Amino acid sequence: MLHLNQIHKIFNEGTPDEKIAIDQVNLTLKPGDFVTVIGSNGAGKSTLMNIISGVLVPDVGEVQIAGKDVTSMSEFKRSKMIGRVFQDPMAGTAPSMTIEENLAMAYARNKTRTLRRGVTKKRKEYFREVLETLHLGLENRLNAKVGLLSGGERQALSLLMATFTEPSILLLDEHTAALDPSRAELITNLTKEIVAKYQLTTLMVTHNMQQAIDLGNRLIMMDKGQIILEVNEEQKKQLSIEGLLAEFKRIRGTQMASDRAILA
Amino acid sequence: MFTAIFGSFEAGIIYAIMALGVYLSFRILDFPDLTVDGSFVTGAAVTAVMIANGANPFLATILALFAGFAAGCMTGLLHTFGKINNLLSGILMMIALYSINLRIMGRSNIPLLNTDTAFTKIRSVFEETGIDSFFNGFLSMVGLSDSLPETWGILIVMIIVTLMIKFITDWFLQTEIGLAIRATGDNKRMIRSLSANTNILVVLGLGLSNALVAFSGALIAQQGGFADVGMGIGMIVIGLASVIIGEALFGTKTIARTTLAVIGGSIIYRIVVTLALRVEFLDPGDMKLITAIIVIIALTTPKIIEGSKERRRKTQKRMNMIQATAQTKGENHAALKSNS
């Protein structure tokens, strides 16, 4: 479903600040794969996400989604196939618009936008139905401005908006990192439910090792722009935090750099 | 007095179309678009030249819409594809339009006094059908026979036209494309991740905004009886004044409410300016200063009022608490006394 071939990306090339962000990365996701990505700050996780979503163009290499080469396709065109949830709960929704208007915009994602009304009676019914799956009571607040919702509610809504059109790829970029533990758990559970329901091919970046181990069927670890460890379905079932840290030490010969990654 | 208020009401409702355009760019797209100063004149220029050359005035007015749309799109292209800062792209387009407008007109001023404009046609219809004399008869009855307006036609037709534009705007902002334009001004990153081309949406939004501005310019030229290359100076501030006054006075709960508020703001702005100019020591040259002061007042007073309300509420609360504690103390005191 997703295929990354020899991706290479350098920031500030030819200046003293030159930094190799992604170094010869190959990755293939089969339909229905749910891959969690861990790694310390600056490992290239977010850059990888941005290359897949089209925010950045790789210097070398090829991105394929559903068999199509999308390497030079613009971000907005590619978005028809990609659902995204950002770390910042404010980033995924339009605050001055209502819940139903936000959903209507997400609903139009894989269609051509026309001069039809965005929120029709029929769609309202549908929106109410999908909102019920969040168990947050948002289905009774269709006309509330999204800016009035709490961070957790907004992130749940973003997750729903990213997924209910069943995109080919779902990208989750530390989408629970900015929430308090109980809200983060709620979003984690919703993610599990929704991905299973729609059988979405998912790539999730996280700093939380436990979350990376609990969710998904595969795990990759990144460091300095490279994928240094790939854990397949069988191995992942027996994985523990200690095991992961030991593995990192074995490969790199140093302790994992980020305290946040360990403590989170 | 009545004539003056009537005149400012009439002008206000025509300028309201311009204000709706400014609302689209300034509030919906979050784009402070200075093109307005130029595109207002472009509308007036196109229409005046066509009317002076004997074209149908209604057709000439409609064409102004398209001229304004093109001007707005240019600003949008400069900003999105040229990657020029939004204020600067507006300023560049405004300056460019000054020369373009001179080219369109061929000279700096075109009088429209003895020609058939859209409004003279409307006026003759209202005179012939007797609607004017009907309304004037009503005015005479309430004792205003010495200040009868020349025609009711412009006012009535313009109320209908402006309200129609308001309803079309309300409807448009609820369509799928309209929602995407609103989101472009609200959260660009989000709507791009929902597969909307924000560049095209900005260009389209600015085009529509300036189409309304030019339309308003075309109508003002016909109402005033001339088009002048300098008639657009400060127009953006007048538009902003209308938007801000309207929002402060009438609220912004929904889109429909806000567009109505903007129209109201435009009319009130005109009335305030008219009243201000009647003060002895002020003359027409002071109008821009008055405009600036009105905008400053409209921007600052709501906050000051809000602040003083908040203070009063807090003082009240404190008083209540002091009273309550005093009361319980008094009761305790009384209780002690009765015990002893």
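Chain B contains 13 helices and two strands. Helices (H or I, at least four residues) and strands (E, at least two) are DSSP runs, numbered from the N terminus. The model is predicted; local features need a pLDDT of at least 70, side-chain atom pairs count only at pLDDT 80 or more, and totals for chains, interfaces and linings use all residues. Residues are numbered from 1 along each chain as its sequence is written, while chains are lettered from A and ligands numbered from 1 in the order in which they are written.

The radius of gyration of chain B is 25 Å, well over the 20 Å that the globule rule gives for 340 residues, so chain B is more spread out than a compact globule. This radius is taken over C-alpha atoms, and the globule rule is 2.2 Å times the number of residues to the power 0.38. Along the principal axes, the C-alpha atoms of chain B fill a box of roughly 105 × 65 × 40 Å. Of the 340 residues in chain B, 46% are buried. A residue is buried if 20 or more other C-beta atoms lie within 10 Å of its own, exposed if 12 or fewer, and partly exposed in between, with C-beta atoms placed from the backbone. Two residues are in contact if their C-beta atoms, placed from the backbone, lie within 7 Å. Among contacts in chain B between residues at least 6 apart in sequence, those joining residues at least 24 apart make up 78%. The mean pLDDT of chain B is 90, and 96% of its residues score at least 70; pLDDT is the predictor's confidence in each residue, from 0 to 100.

Within chain B, helix H1 (residues 2–28) packs against helix H11 (residues 235–250) at an angle of about 85°, with the two axes 8 Å apart. Axes are lines fitted to C-alpha atoms, for helices over the stretch in contact, and angles run from 0 to 180 degrees between N-to-C directions. H1(B) and H11(B) are therefore roughly perpendicular to each other. Angles under 35 degrees count as roughly parallel, over 145 as roughly antiparallel, 65 to 115 as roughly perpendicular and the rest as oblique. On the H1(B) side, the residues that meet H11(B) include B:Tyr15, B:Ala19, B:Phe26 and B:Arg27; on the H11(B) side, they include B:Met235, B:Gly239 and B:Val243. By class, this contact of H1(B) with H11(B) has twelve nonpolar, two polar and one charged residues. Ala, Val, Leu, Ile, Met, Phe, Trp, Tyr, Cys and Pro count as nonpolar, Asp, Glu, Lys and Arg as charged, and the others, Gly among them, as polar.

B:Ile160 belongs to helix H7 (residues 153–172) of chain B. It counts as exposed, with 11 C-beta neighbours inside 10 Å. B:Ile160 and B:Ile13 are 147 residues apart along the chain, and their C-alpha atoms are separated by 9.8 Å.

Chain A has ten helices and ten strands. Its radius of gyration is 19 Å, close to the 18 Å that the globule rule gives for 264 residues, so chain A is as compact as a globular protein of that length. The C-alpha atoms of chain A fill a box of roughly 60 × 40 × 35 Å along the principal axes. Buried residues account for 44% of the 264 residues of chain A. The average pLDDT of chain A is 89. Among its elements, helix H10 (residues 259–263) has the lowest mean pLDDT (49), and H3(A) has the highest (95). Where pLDDT is low, the predicted coordinates should not be read in detail.

A:Ala156, in helix H5 (residues 151–163) of chain A, is buried, with 27 other C-beta atoms within 10 Å. Leaving aside residues up to four places away in sequence, A:Ala156 touches A:Leu134, A:Leu136, A:Ile187 and A:Leu190.

Between the chains, 25 residues of chain A are in contact with 19 residues of chain B. H3(A) gives the most to the side of chain A that touches chain B, with four residues. The residues of that side divide into ten nonpolar, six polar and nine charged. The axes of H3(A) and helix H8 (residues 176–186) of chain B come within 10 Å and cross at roughly 110°. A:Glu101, A:Ala104 and A:Met105 of H3(A) make this contact with B:Leu179, B:Ala180 and B:Ala183 of H8(B). The predictor gives the complex an ipTM of 0.89 and a pTM of 0.88.
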